[in-house]
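Subject: Structure handover

Hi,

Here is the structure for your files. My notes on what I found in it follow below.

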Amino acid sequence: MLWTVILALLVLLLLQTQLSVCLRELRSGASSSSSSSSSSSSSSSSSYNATQLRLPGAIIIGVRKGGTRALLEMLNLHPDVEVAKAEVHYFNVEEHFLRGLAWYRAQMPLTLPGQLTVEKTPGYFASPQVPARVWDMNPAVRLLLIVRDPAERLVSDYTQVLHNRLTRHKPYQPLDELLIKEGHVDPGYKALQRSLYHQHLARWLEVFPREQIHVVDGDALIRDPFPELRKAERFLDLEPRISPENFYYNTTKGFYCLLSAGHDKCLDESKGRPHAPLARRAFRKLCRYFRGPNMLFFEMVGRSFSWC
């Protein structure tokens, strides 16, 4: 009888020990699961918080009708580049500038650490107040200036304004009448003033060092985009990720389109629009007018271009 009682007590003690071990394992598992869930949640939250609206590290400052949209879209092929989809006009439109940097930042795309934010507003280049304002935002910002033959740029500028006027059913003078006054090129014509690259660049060089401004050949970008994009990648300290396979020539449109991840993209119909007519004699006068200013620009940038 005594041995039966002792045996029963031993069995109960063994069961109690096993139950205690099981309870400890359950508590340990629950704690581990909670810790893992917390860690996963923290990691997800950290990843989300890393994606932010950042001020641009590079700005395409001009020139108007020089190929700024094409350059922006081509740079956006790079996986480490995110671009502002619309022209912001923060530094050259007083109403926007008075809204402050918080408003400007809100116009930028979301980026991860290590990605480069790029915006383009071609109106910046010829606006006197812009260089100092950009410097105040970020003295280390990198600036891209895409230029093309100033005579061709002027005609393209006029063509865009003419198209906009006709769309609104408003009359507009022929280019010859706006450009030539009493047989001479009118230096007061605004589209002509925007083509005096040396005057505008001089203001930027009063604020920024020359090595912080990269000049892109807009005419070369149209003929063969890849070499100009490779130079831009180096200037922006980007890994060389854009390749010739990212471009194909669209014979219908008459210019290069983009290929990325199996999808193609061409610029909108306003790009490559036929130029408004300008008499040959007037165009020759325009080319002669630009020879002196062009030479000054070539000296400033340390290279020459095949312009008229």
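Cysteine 257 is buried, at a relative accessible area of 0%. Buried here means under 20% relative accessible area, exposed means over 50%, and partly exposed is in between (1.4 Å probe, protein chains only). Its disulfide partner is cysteine 266, with an S to S distance of 1.8 Å. Cysteine 266 is partly exposed, with a relative accessible area of 22%. The link of cysteine 257 and cysteine 266 is right-handed, with 105° about the S-S bond.

Some ground rules. This is a predicted model: local features need pLDDT of at least 70, side-chain atom pairs count only at pLDDT 80 or more, and totals for chains, interfaces and linings use all residues. Residues are numbered from 1 along each chain as its sequence is written, and side-chain values use heavy atoms, with hydrogens and water left out.

How many disulfides does the structure hold? There are two. A disulfide is called when a pair of cysteine sulfur atoms lies within 2.5 Å. Counting bonded cysteines along the chain, the pattern is 1-2, 3-4.

The other bond joins cysteine 287 to cysteine 308, S to S 2.1 Å. This link is left-handed, with -105° about the S-S bond. The pair ties together distant parts of the chain, 21 residues apart: cysteine 287 sits in helix α12, cysteine 308 in the segment after α12. Helices (H or I, at least four residues) and strands (E, at least two) are DSSP runs, numbered from the N terminus. Cysteine 287 counts as buried at 7% relative accessibility. Cysteine 308 counts as partly exposed at 31%.

The largest nonpolar core has 29 residues. Such a core is a set of buried Ala, Val, Leu, Ile, Met, Phe, Trp, Tyr and Cys residues joined through side-chain atoms within 4.5 Å. Ile59, Tyr124, Trp204 and Phe297 have the most contacts inside the largest core. Elements giving two or more residues to this core include β2 (58–62), α9 (197–205) and α12 (280–301). Apart from it lies another core, of 27 residues, with Ala58, Ala70, Val81 and Ile242 among them.

Phenylalanine 297 touches Leu145, Val147, Tyr197, His198, Leu201, Phe305 and Trp307, leaving out residues up to four places away in sequence. Contact means heavy atoms within 4.5 Å.

Last, threonine 111. This residue lies in strand β4 (residues 110–111). Threonine 111 is buried, with a relative accessible area of 1%. Not counting residues up to four places away in sequence, threonine 111 touches Ala50, Thr51, Gln52, Arg54, Glu82 and Thr117.

Best wishes
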